[in-house]
Amino acid sequence: MSGFSALFYKELLRFWKVVVQTVVAPVVTALLYLLIFSHVLEAHVEVYPGVSYTSFLVPGLVMMSMLQNAFSNSSSSLIQSKMQGNIVFVLLPPLSYLEFFLAYLGAAILRGLIVGLGVWAVTLWYAPFQLPHPVWLLAYALLACAIMAAVGIVAGIWAEKYDQLAAFQNFLILPLTFLSGVFYSIHSLPPFWQAVSRVNPVFYLIDGFRYAFVGQSDTDPGLGLLVAGACFVAISALTLMLLKSGYKLRH
Amino acid sequence: MSQATPAIHVDDLRKRFRTTQALDGVSLDILPGEFFGLLGPNGAGKTTLISILAGLTRADAGQATIMGHDVVRDYRQARRALGVVPQELVYDPFFNVRETLRIQSGYFGLKHNDGWIDEIMHHLDLAQHADKNTQSLSGGMKRRLLVAQALVHKPPVIVLDEPTAGVDVDLRRSLWEFISRLNREGHTILLTTHYLEEAEALCGRIAMLKSGRVVACDTTRNLLQLTNEHCAQLRLDRDDVPVAWQDRLLRDAEGSWRINFSEYLELETLLADLRVTGVRVTEMHLQEPDLEDVFTDIMKRT
């Protein structure tokens, strides 16, 4: 697995060299969301009894940032390498498709977790520290980043131009994360949109992750973990299949 | 067996891209230690062939091996034995020269490779640029970095796809010195180039591709003998050439006479006739046929 460690290291070094863009910026963005929404809604909305709106919002923002950054890491690395042509540097060596998958996945997960930790750290000034279920937090954080990292690999391989990737991000990833209960509980939605939310896997990720922080959720966190696990298995299988066939990488 | 195992073996390789048949049954054997040239016009299939050897493209049919390892089934060993300098001037702008070479070594499972990395940087004049970001390198330096990247794992077989396109004379010369040295040390070299004089000077054997087929494959010396069109350029002290030669002697704009001949005997006869007529030769240049003549000839005939 030594080829894997080199590719993993290269992927980490890649985002670490532009840490302002890849870690600091998303933390600042999340903080802005927190300031604006909690300022507007703190006094008016109490989603769960005994939980302030800011405390409700923080886990959603942490999860949203993790999802977007895990996706962004693998997808932008791949599209940049393809556009630049330097993807040949990883295609010429004797790396297996499994090593390729695990390296891009691992680095994207780590970026997601670092950004998540950063968002959480800055929100501690605004919401008191509480973590009744740390094991759930870890399980949800890892699975969520892994799912989005794999989706990012698929998107990065599939996209042939930057605007195709941007379309993927703006018309799929962004709506899925925004319309998943980051800012509200789905119980406040009309029945139709509630039903729609329940088929959005990101909803389960945010809901279960929030359970780890506030001890309350819209659905059973165990069910959510099952959904997340199934999603990860499915998307990983698809990614591995594409990589094995050389889809859009080896012609 | 070891003696018979070719460095590169290609058997009836076929590849089609939508409407074009890029390779139409190419077979080649390149022996260990050879300096082999692959020539052909644009679109002849050279890069497709190299891409298949490197595992970047998958053949529709046929087989390719590197040092006896199948490039698909046995891809790990095949790729470990192969170093490829790609045609495009690619680089990863996130890293500096040393990082690029360390990471590339890592991909081949080499952890402590700094000694060899320093050596290749030294030979390719990259040492003083080791800490420069690849983005800030000149075109020539980027090309040298690509060569260095292809060599990090000391591959026995090195493929260079148009390595001197757009490269200045000094760099071209130092690059060829280095590659020739590697060849003398036992590395097999496969080279594609548009500079036919380079191929003629460096390659022991040459294959010519046209429309995805091998149209010629022989030693450079044998190929050069395919064309026996010599040319002599003469300056004479008077203009009245013998009548018998008036059809064959061509006057150029500078007042010299040119004659094409295939046997030296013809030239001898001309000189004798000139002496009889009393015309003196004041200057004479002989032009031997070169690879370009052969190449043009073969491409026309096939």
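Student: Let's start with chain B: how many bridges pair strand β1 (residues 8-17) with strand β4 (residues 61-66)?

Tutor: Keep in mind that this is a predicted model. In chain B, B:H9 stands opposite B:T65 of β4(B). β1(B) and β4(B) pair in the antiparallel sense, and the number of bridges is five.

Student: Now the six-strand sheet of chain B. Which are its edge strands?

Tutor: That open sheet has mixed pairing and the order β6-β7-β8-β3-β9-β10 in chain B. From one strand to the next, the twist averages 15 degrees. Pairing on one side only marks the edge strands, β6 and β10 of chain B.

Student: Which strands of that sheet does helix α5 of chain B touch?

Tutor: Helix α5(B), residues 139-151, packs on the sheet. Its direction makes about 170 degrees with that of β6(B), and the strands touched are β6 and β7 of chain B.

Student: How many bridges join β7(B) to β8(B)?

Tutor: Let's take both neighbours of β7(B). On one hand, β6(B), residues 82-85, runs parallel to β7(B) and is joined to it by four bridges, with B:V85 opposite B:L160. On the other, B:V157 faces B:T188, and B:D161 has B:T192 as its bridge partner in β8(B). β7(B) and β8(B) (residues 188-192) also run parallel, and their bridges number five.

Student: Which helix makes a β-α-β unit with β7(B) and β8(B)?

Tutor: The unit is right-handed. Its helix spans residues 169-184 of chain B and is α6.

Student: Moving on to domains, which element gives the largest share of the side of domain 1 of chain B that touches domain 2 of chain B?

Tutor: The domain assignment of chain B gives domain 1 as 8-224 and domain 2 as 230-301. Their contact takes eleven residues from domain 1 of chain B and eight residues from domain 2 of chain B. On the domain 1 side, the elements giving two or more residues are α7 (196-202), β9 (205-210), β10 (213-219) and α8 (220-224) of chain B. The largest share, three residues, comes from α7(B).

Student: How many residues on that side of domain 1 of chain B are nonpolar?

Tutor: That side has no polar residues and two charged ones. The nonpolar residues number nine.

Student: Last one: which elements of chain B give two or more residues to the side that touches chain A?

Tutor: The contact takes 24 residues from chain B and 23 residues from chain A. The chain B side divides into eleven nonpolar, six polar and seven charged residues. Its elements with two or more residues are α2 (75-80) and α3 (97-107) of chain B.

Note on methods: Residues are numbered from 1 along each chain as its sequence is written. Chains are lettered from A and ligands numbered from 1 in the order in which they are written. This is a predicted model: local features need pLDDT of at least 70, side-chain atom pairs count only at pLDDT 80 or more; totals for chains, interfaces and linings use all residues. Two strands pair if DSSP finds at least two bridges between them. A crossover is right-handed if, with the strands pointing away from the viewer, the path from the first strand over the helix to the second runs clockwise. Domain bounds come from an automatic or database domain assignment. Two residues are in contact if their C-beta atoms, placed from the backbone, lie within 7 Å. Ala, Val, Leu, Ile, Met, Phe, Trp, Tyr, Cys and Pro count as nonpolar, Asp, Glu, Lys and Arg as charged, and the others, Gly among them, as polar. Axes are lines fitted to C-alpha atoms, for helices over the stretch in contact, and angles run from 0 to 180 degrees between N-to-C directions.
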